[in-house]
Structures are given as structure tokens and as C-alpha cells.
Amino acid sequence: MTAHPAPPQPQPQPQPDEPTGPDDPTRRGEDEVEVGVGPWPGGRAAWPTDPRYDVDLLEHGDRRNVVDAYRYWSVEAVVADMDARRPRDRRLHVAIENWGHDLNIGSVVRTANAFNAAGVHIVGRRRWNRRGAMVTDRYQHVSHHPQVEDLLAWAADARDGAGIPVIGIDNVPGSIPIEGYAFPRECVLLFGQESTGLSTEARAASRDVLHITQHGSTRSINAGAAAAIAMHAWVTQHLVVP
């Protein structure tokens, strides 16, 4: 397929629960990245008939940040395929406390998408900064829980009532090194904010609290980077690399 100059990108539409305007600085900027492919070669006569393809993308090109296998697919088709490829007995959920509008939340969501997490859970404020997500939240099942207790209630009722354990990630006294830790086949990784880490309630609610062993002078790793390390640690144990 031949790449063509990127056409102007439309402004992203706010989610129903987000009364934000186009000038809101927390909105993501889809026009910040020049990627993808142009219109489908050969024109309309050559368009594929597979219902997963999006007519608008076929006509105007696909500038989204998606892997080549999903080029020209509709958002709904991508989400359905990701759901189908996720093992039923090995599913990772990611939860993030959002008490101070942390800029790292978008980065955590983007990483969760990269590892095909089954769900992303925002605990605290419903509205969060999406710029770092680079639109990947459109391909994720995103849930909101007003308090940590609400997340725990969801986790206890998940998997047909069998429950999913919550594992906290924070470098606090008494935490367990993530290196060598045996992750449950299905769990919720709970992350705190950049400055304060996990709240007291979140630490108390976690089955275990893990830390990433460090060897330098800094007290902590960037929250987005720490989340990526933790998710990958689970992936290496439970997702078979083809």
C-alpha cells in the first residue's frame, strides 16, 4: 500500500460523560502524529467486502496509530478482535487512582492497550487527561469507580462471583519485589499517582503490594514507566509469545 499525505484530522468527540470542548487542554491531539496509510489502492472498485473494514477509512486513508493488521478496520471490529484474542482464563485488568488529574494516566492506558488488557478502571475522578493515551482508550473497555471500595466490589463480583485479586504497585515499606513474584493468572494491577503513590485505602485493599527494585539514586520511577514494567511482568508469565 502506498502512503499519501495525511488529510486534516477531525476533532475527537468527547465521551458522553465529559462536557468538554475542543479547546480543553486535556483532550487528546490526534493530529500530532503523522502515521498510517492513504486511501485503499485502486479506488472503490478494489475495496474489500469484509464487514470489518470502515468505508470512511477506505476512502480517505487510515492515519490511526494501529498495527498493520488493523488498517482500515472500524473501531468496533478492532475491539471485537482484541476481545476474541484474549485468553478467557488469563486476563489482566489495570486500575488507576485519579485524585489529582495525573498526566501519566493516559500513558498507563496506552500501555494497557499495547498488552491487550481486558479492562482499564479509573478510580476517583471520572474525568482524566487523555492526551497521553493517543486515542487508545477508544479500543479499551474503560470503567469508572468513584472510590477504591467500588473497585473492590467489582473485583469481588468478577469472574461470575469467583473474584479477581487486586495487586498494588508502589515502592513503600513492606512491599514485595516484583522480580520473581508469581502473578495470578487473572488480576487487577492497581497504580497510584505520580507524587503520592497508592492511597492508604488502596494499599490496604491489595492482596499484595509490589515494588520494582531500583539500583540508582532516584526515589521512584515515573508512574507511567512503572506501570509498563509491571504489566510486562504479568505478560511474560501468562501470555505465550507465538
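Val 135 sits in the loop between strand S2 and strand S3; helices (H or I, at least four residues) and strands (E, at least two) are DSSP runs, numbered from the N terminus. The model is predicted, with local features needing pLDDT of at least 70 and side-chain atom pairs counting only at pLDDT 80 or more, while totals for chains, interfaces and linings use all residues. Residues are numbered from 1 along each chain as its sequence is written, and side-chain values use heavy atoms, with hydrogens and water left out.

The loop between S2 (119-124) and S3 (142-145) also holds Met 134. Neither residue is a glycine, and the phi of each is positive.

| Residue | Phi |
|---|---|
| Met 134 | about 50° |
| Val 135 | near 75° |

**Helix pair**

Helix H3 (residues 104-114) packs with helix H6 (residues 223-238) at an angle of about 20°, and their axes are 8 Å apart. Axes are lines fitted to C-alpha atoms, for helices over the stretch in contact, and angles run from 0 to 180 degrees between N-to-C directions. H3 and H6 are therefore roughly parallel (angles under 35 degrees). On the H3 side, Asn 104, Ser 107, Val 108, Thr 111 and Ala 112 make the contact, and on the H6 side Ala 223, Gly 224, Ala 227, Ala 228 and Met 231 (contact means heavy atoms within 4.5 Å). Six of these contact residues are nonpolar, four are polar and none is charged. Here Ala, Val, Leu, Ile, Met, Phe, Trp, Tyr, Cys and Pro count as nonpolar, Asp, Glu, Lys and Arg as charged, and the others, Gly among them, as polar.

**Cavity and pocket**

One cavity of 30 Å³ or more is present. On a 1 Å grid over the protein atoms alone, a cavity is a set of points where a 1.4 Å probe fits but cannot get out, and a pocket is an open set with protein on both sides within 12 Å along at least five of seven lines; lining residues have an atom within 4 Å of a point. Volume is the space filled by probe spheres set on the points.

The largest cavity contains about 50 Å³ of space. H3 gives the most to its lining, with three residues. The lining includes Asn 104, Val 108 and Ala 223, which also belong to the contact of H3 with H6.

The second largest pocket has a volume of about 310 Å³. Its lining has 21 residues, with Ile 169, Asp 170, Asn 171, Ile 221 and Ala 226 nearest its centre.

Technical notes: Parallel < 35°, antiparallel > 145°, perpendicular 65-115°, else oblique.
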